[in-house]
Amino acid sequence: MIESFFTALALIFVFEGIFPFTSPESFKHLLEKIAKLDEAVIRWVGFLSMLLGLFLLYLTHGYFS
């Protein structure tokens, strides 16, 4: 179980690093736009992202376990 957790954590770091590595200038512009957004919008995007992640975990667990 702990091995799966660290594998998932490692993959998060890999995927999160792809965009800033391949296009740092675009990444900086994106961060500037995000910083200007209202906190409520950022919170909703984070919430929807978590729901999507939970849904994908549910599908993965259901089909591949």
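**Overall architecture**

The chain contains three helices and zero strands, and its order along the sequence reads α-α-α. Helices (H or I, at least four residues) and strands (E, at least two) are DSSP runs, numbered from the N terminus. The model is predicted: local features need pLDDT of at least 70, side-chain atom pairs count only at pLDDT 80 or more, and totals for chains, interfaces and linings use all residues. Residues are numbered from 1 along each chain as its sequence is written, and side-chain values use heavy atoms, with hydrogens and water left out.

**Dimensions and surface**

The radius of gyration of the chain is 15 Å, whereas a compact globule of 65 residues would have a value near 11 Å. This radius is taken over C-alpha atoms, and the globule rule is 2.2 Å times the number of residues to the power 0.38. Along the principal axes, the C-alpha trace spans about 40 × 30 × 20 Å.

Buried residues account for 0% of the 65 residues; buried means under 20% relative accessible area, exposed over 50%, and partly exposed in between (1.4 Å probe, protein chains only). The chain exposes about 6,400 Å², of which carbon and sulfur atoms supply 74%. Accessible areas come from the Shrake-Rupley method with a 1.4 Å probe; for residues, only the protein chains shown count as cover.

**Charged side chains**

There are 4 positive and 6 negative side chains, and the centres of these two sets lie 9 Å apart. Lys and Arg count as positive and Asp and Glu as negative, while His and the chain ends are not counted. The place of a charge is taken as NZ of Lys, CZ of Arg, CG of Asp or CD of Glu.

**Helix α3**

Helix α3 covers residues 39-64, has 26 residues and reaches 37 Å from its first C-alpha to its last, close to the 38 Å expected at 1.5 Å a residue. The expected span is 1.5 Å times one less than the number of residues. Of the 26 residues of α3, zero are buried, so the helix lies largely in the open.

Gly46 lies in this helix and is partly exposed, at 32% relative accessibility. The C-alpha atoms of Gly46 and Gly62, 16 residues apart along the chain, are separated by 24 Å.

**Aromatic pairs**

A search of the whole structure finds three aromatic pairs. Among them, Phe5 and Phe6 are edge-to-face, at 5.3 Å centre to centre with 70° between the planes. Phe19 and Phe27 also form an edge-to-face pair, at 5.7 Å and 80°. Rings of Phe, Tyr and Trp (its six-membered ring) pair if their centres lie within 6.5 Å; planes under 30 degrees apart count as stacked, over 60 as edge-to-face and the rest as tilted.

Phe19 is partly exposed, with a relative accessible area of 34%, and Phe27 is likewise partly exposed, at 24%.
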